[in-house]
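Please keep the sequence and the structure open while reading.

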Amino acid sequence: MAATATKLGRSLQQRRTFINARVKWVGDPYLDEAVQREKNLKQLLSLKDRIVSSPSKSLPLSSLSLLKPLVNLHVTAAAFLQKHPSVFATFQPSRSLPLHVRLTPQALDLHREEETIHLSPPHRNATVQRLAKLLMLTGAGSLPLYVVDRFRFDLGLPHDYVTSLICDYPDYFEVIEVNDRLNGGKTLALSLTSPRKSLAVSEMERRESIINGSRVQKGLRIRYSMNFPKGYELEKRIKNWVDQWQDLPYISPYENAFHLGSYSDQAEKWAVAVLHELLYLLISKKTETENVLCLGEYLGFGTRLKKALVHHPGIFYMSHKIRTQTVVLREGYHKEFLIQKHPLMGMRHRYLYLMSRSGRVKKRDYVPGVKRSNQSVDAQNS
């Protein structure tokens, strides 16, 4: 009887019943707005962090121009500064020195408030736990720093997190050298110093334990919340498959389920669990799709994460705004507003407001603080 049950279990694990049909994509104006309103925010904050990291709280305009590819600017540094005069100001320290850039008083005040949040013990502890859980999703408890860096902004890590955060938690983290699975070379990685079993509970499991008033149990049939834009309907045969798929046992993203057939329905439910937990860990409940696929490739998921994103538009939304593709966790939003209010997201909205004030400043045809006669020279230098 035991052997028969084992064979049945393996059969269910290998079963693939998904209809070979295209799941249509339909735009969601609310979630597109949630993505669109943060246009240029990440680039602006990256420049801001580099400026305030300088001992003089300023940098030569020419050095910012060199940062263009590093902060993913789509225009010259001079043009970007000119577009945001409420955040950046240019000045000349002396006649013998080139033009420098610093923050406006309003932007500097916001930065100081943001720093206060980063330095508060409750926030630091919560950030450390989120970062630890991200590493635990890998199974091995470590990730190359270049992969962690991809999620730095969406995780709410400080720009200098290795020195300002990681070094203060040696009981949690260490930086080690590992073989990079993608290119075979050596690279630096962030690693957990010891297992953190108490953190190996996903958000879905936590909710289920609250509903049932019991400890987390394995093998429960946990169903995902699904939301669709107004007027969106799945084809009947796809809807039937989704209903059956929802009733499959839930496998924690902190378990290793690579033994499952890569194209089985159960394996896809595990892949969705990994995606859901990853996005839930992010303070913005969204990230660029490229970040997710990079992580999936490093972990050995191949195309499974991409297929899971496409097959489940009621759980994940793919936005094509702001010159990239962004995956959004639908349940994290009510219309275009985040449901879970994080202090750093509140700060980012204040930066956005300051950026919007730049649009109300009378337009000029020169970089703020730069005379007209110098315009062409400065543009060339940028």
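This is a predicted model: local features need pLDDT of at least 70, side-chain atom pairs count only at pLDDT 80 or more; totals for chains, interfaces and linings use all residues.

Helix H3, helix H6 (105-119), helix H9 and helix H16 each contribute at least two residues to the lining of the largest cavity.

**Cavities**

- Sorted by class, the lining of the largest cavity consists of 5 nonpolar, 4 polar and 6 charged residues.

**Contact between H3 and H16**

- H3 and H16 (residues 343-358) pack with their axes 11 Å apart and at an angle of about 95°, which means that H3 is roughly perpendicular to H16.
- On the H3 side the contact is made by Leu41, Leu44, Leu45 and Lys48, while on the H16 side it is made by Arg348, Tyr351, Leu352 and Met355.
- By class, the residues of this contact comprise 6 nonpolar and 2 charged, with no polar residue among them.

**Largest pocket**

- At least two lining residues come from each of H3 (41-52), helix H8 (145-150), H9 (152-155), strand E7 and helix H14 (289-299).
- H3 again deserves attention here, as the largest share of the lining of the largest pocket, 7 residues, comes from this helix.
- The lining of the largest pocket divides into 9 nonpolar, 10 polar and 13 charged residues.

**Second largest pocket**

- The volume of the second largest pocket is about 390 Å³, and its lining consists of 17 residues, with Arg130, Lys133, Glu203, Tyr280 and Leu281 lying nearest its centre.
- Helix H7 (121-136), helix H11 (203-212) and helix H13 (265-281) are the elements that give two or more residues to this lining, and H7 gives the most, with 4 residues.
- In terms of class, the lining of the second largest pocket has 6 nonpolar, 4 polar and 7 charged residues.

**Sheet and the helix packed on it**

- An open sheet is formed by 3 strands in the order E7-E9-E8, with antiparallel pairing.
- Strand E7 (286-288) and strand E8 (316-319) are at the edges of the sheet and have a single partner strand each, so one side of each is left without a neighbour in the sheet.
- On average, and with direction ignored, neighbouring strands of this sheet are turned by 20° against each other.
- E8 and strand E9 (residues 326-329) run antiparallel and are joined by 4 bridges; within E9, valine 328 is the bridge partner of tyrosine 317.
- Helix H2 (residues 29-36) packs on the sheet and touches E7, E8 and E9, and the direction of H2 makes about 60° with that of E8.

Conventions:
Residues are numbered from 1 along each chain as its sequence is written. Side-chain values use heavy atoms; hydrogens and water are left out. Two strands pair if DSSP finds at least two bridges between them. Axes are lines fitted to C-alpha atoms, for helices over the stretch in contact, and angles run from 0 to 180 degrees between N-to-C directions. Contact means heavy atoms within 4.5 Å. Ala, Val, Leu, Ile, Met, Phe, Trp, Tyr, Cys and Pro count as nonpolar, Asp, Glu, Lys and Arg as charged, and the others, Gly among them, as polar. On a 1 Å grid over the protein atoms alone, a cavity is a set of points where a 1.4 Å probe fits but cannot get out, and a pocket is an open set with protein on both sides within 12 Å along at least five of seven lines; lining residues have an atom within 4 Å of a point. Grid points are joined across faces, edges and corners, and a volume is the space filled by probe spheres set on the points. Angles under 35 degrees count as roughly parallel, over 145 as roughly antiparallel, 65 to 115 as roughly perpendicular and the rest as oblique.
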